[in-house]
Amino acid sequence: MSSPAVIPGDEIAASLDTRTTARDYLWAIFGDRVTLFAFAYLVVLVAFTVGAEFLAPHEATGLNLRDRLLPPGATGSKGAFYLLGTDELGRDLFSRLIYGARVSVSVGMLGAVVSCFAGVITGLTAGYYGGLYEDVVMRLVDGMLSLPSMLVALFILFVLGGGYGNLILVFSVLHWMVFCRLSRGLALDARSATYVRAAKALGASGPRIVFRHILPNVMAPIIVLFTLEIAILILSEASLSFLGFGVRPPDPSWGLMIADGREHIRSAWWLVTFPGLAIFLTALSLNLVANWIRAVTDPVQRWRWLSRDVRR
Amino acid sequence: MAYYLRRAGNSLLLLLLTVSFVFIAGRMIGDPALNMLGPGASEVALEKLRRAAGLNDPIWLQYIRYVGNLLTGDFGVSYRFGYSVLPSEDLDEIGQPVIDIVIERLPATFLLAAVAMGVAVPLGVLMGVVAAAHPRSVADRIVTIIALAGVSVVQFWLGLMLIVFFAVQLGWLPTGGYGGFHHVILPALTLAARPIGRIAQITRSAMLDEMSKPYVVTARAKGVREWQIVFVHALKNAAVPIITMIGDELSALLTGAILVEKIFAWPGIGLLIIDSLTRSDLPLIQASIAVVATLVVVVNLMVDFSYRLVNPRIKLGTRA
């Protein structure tokens, strides 16, 4: 009657254990080259955003007129190496891109965070509680969604003036509706689910059901949308700043850099090309990551991504 | 019918709210009289203008007058365009009616939008259909990549790159301006990139859904040719999401034109909006926003109404 180390049934149960661990996700990222590239790019970008002071090879401001408009890979007057060339004031383009990442990425992130919070809170409660509250919220959402958002953004920034804070404000006001509509639909579906009825039967309060029970179950599509929205907001920031209604000049933003480089488009192609490429790669990576999250969290598709043997 | 009326009524209400918002916000940026005459104007001239334009009246009276004028198509006169004589007592002399300026710019924008969508819709649908007909093939991968690139690219940057390549390096096409057919190619291509990607994506996923349905299996069992199944049977059933996306992209295009017109110096309503914003020409801003918002709202309405034409099973106005 010595106690056996392994009961046969446990072994079978362990082999049937389909819970997904962090290692599985990591494996899924490394298993797909395209996704790996997207994640790697975003990690580098976040590193640049946080540690621009330490990672940029040169200063982003301050002029050096002897090294004006040098092409990529050139060596400047004092032996300085310019990976992506210099602009019309002799500033290193690569360093300015790194500092620009800080502005562009953080505007996109913060705008998405605020609109996500506002939209998810209003949307989930509207879907769960229904009634007049839902009608009012959804009427507002439909109305605001049918307005041309770029135009409204331009006008608000014209009235309030550009700048970092106002951009985030405008993005939040004009983008919370997409989160609201999505989460309202999700809450509407969840309202009749067994786990919600069970929670209600146990006497859970409305807010508790909405935020402790429904929210964790509908996180996946919200995260996907959040990722896509960051990409959209970074693109909008670039457009608005390019037109002169976004970030103000001393701050380097990718859109502003393209606007500045436009004057030298015939002679110095790199000034326009690289900031645009940076935005493009950022949006592309965010889209790829969103697709990946969608696939990995979709019960029908996930086996293909998480299993180690099946070729995709 | 009641549904159509209710939807149209909602849209009208929305437009009224938009116009009101623009009116109120426009008053927040400062004294309209000072704005109109410029910082060097004398106090006498300012006061004269204020009295003539009714700017001394209470704000609610001005608002009612403003909305009333809008209903008769009177959006006021521009501060800057056609501005030749300094204001006398007669306000009509100081500028051109803004609505005329806006309407004059519409054909250029419509042309641009029509060419861009004329390229984007067939191409996007075709790409999506081909990808869905051969899932996981090389063609599918290529379409997916092109679609992702089209969605991720910054429009105005793509326009600048096209200018550098086709206009500056190769010299095949003009860098901008308005004129013959060769002027429209680059701006239209720039505008088409995003809709091509979005339409291809939505077509692919809608078609993939349809292709796994029983009626496709039945058609195959009957021996219907594969291209017929794809283009006639499945595409027809996948139409609703595709049309929604086309409508979305069309209204996005009307505002996306702001940047593209700016880059290519295309004299459409987008360029007019930028010019009026940089010159703080408030009546012109108000009129162009009202016109563009109306266009967008009309496009959205048309999309809603077309659902029923495409799919008679959809009952409008009932909650799913």
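How many residues does the contact take from chain A, and how many from chain B? The points below start there.

1. **The contact between the chains.** The contact takes 28 residues from chain A and 33 residues from chain B. Residues are in contact here if their C-beta atoms, placed from the backbone, lie within 7 Å. On the side of chain A that touches chain B, helix 7 (149-160), helix 11 (219-243) and helix 13 (270-297) of chain A each supply at least two residues. Helix 13 of chain A gives the most, with 7 residues. By class, this side of chain A has 21 nonpolar, 5 polar and 2 charged residues. Ala, Val, Leu, Ile, Met, Phe, Trp, Tyr, Cys and Pro count as nonpolar, Asp, Glu, Lys and Arg as charged, and the others, Gly among them, as polar.

2. **Ground rules.** This is a predicted model, in which local features need pLDDT of at least 70 and side-chain atom pairs count only at pLDDT 80 or more, while totals for chains, interfaces and linings use all residues. Residues are numbered from 1 along each chain as its sequence is written, and chains are lettered from A and ligands numbered from 1 in the order in which they are written.

3. **Chain B in outline.** Chain B has 13 helices and 0 strands. Helices (H or I, at least four residues) and strands (E, at least two) are DSSP runs, numbered from the N terminus. Of the 320 residues in chain B, 39% are buried. A residue is buried if 20 or more other C-beta atoms lie within 10 Å of its own, exposed if 12 or fewer, and partly exposed in between; the C-beta atoms are placed from the backbone. Among contacts in chain B with a separation of 6 or more, 69% are between residues 24 or more positions apart.

4. **The nonpolar core.** The largest nonpolar core has 164 residues, and Leu154(A) and Ile199(B) have the most contacts inside it. Such a core is a set of buried Ala, Val, Leu, Ile, Met, Phe, Trp, Tyr and Cys residues joined through C-beta atoms within 7 Å. Helix 5 (residues 98-133) of chain B gives the most to this core, with 17 residues. The core draws at least three residues from each of domain 1 (2-98) and domain 2 (103-275 + 301-315) of chain B. These domain bounds come from an automatic or database domain assignment.

5. Leu154(A) is found in helix 7 of chain A. Leu154(A) is buried, with 24 other C-beta atoms within 10 Å. Beyond its neighbours within four places in sequence, Leu154(A) is in contact with Leu240(A), Phe245(A) and Leu277(B). Leu154(A) and Phe245(A) are 91 residues apart along the chain, yet their C-alpha atoms are separated by 6.8 Å. Ile199(B) touches residues including Val121(B), Gly124(B), Ile242(B) and Glu249(B), not counting residues up to four places away in sequence.

6. **Helix 12 of chain A.** In helix 12 (residues 254-261) of chain A, 7 of the 8 residues are buried, so this helix is largely enclosed by the rest of the structure. Among the buried ones are Trp254(A), Leu256(A) and Met257(A). The buried residues pack against helix 5 (93-129), helix 11 and helix 13 of chain A, together with helix 7 (155-169) of chain B.

7. **Helix 12 of chain B.** Helix 12 of chain B is mostly covered, with 7 of its 10 residues buried. Leu277(B) is one of these buried residues. The cover includes helix 7 of chain A, together with helix 5, helix 11 and helix 13 (282-310) of chain B. Helix 11 and helix 12 of chain B pack at an angle of about 85 degrees, with their axes 7 Å apart. Axes are lines fitted to C-alpha atoms, for helices over the stretch in contact, and angles run from 0 to 180 degrees between N-to-C directions. That makes the two helices roughly perpendicular, a term for angles of 65 to 115 degrees.

8. **Positive phi.** Ala265(B) lies in the loop between helix 11 (239-264) and helix 12 (269-278) of chain B. Its phi is near 50 degrees, a positive value in a residue other than glycine. Most residues other than glycine have a negative phi. Ser280(B), which follows helix 12 of chain B, also has a positive phi, near 50 degrees.

Technical notes:
Two residues are in contact if their C-beta atoms, placed from the backbone, lie within 7 Å. Angles under 35 degrees count as roughly parallel, over 145 as roughly antiparallel, 65 to 115 as roughly perpendicular and the rest as oblique.
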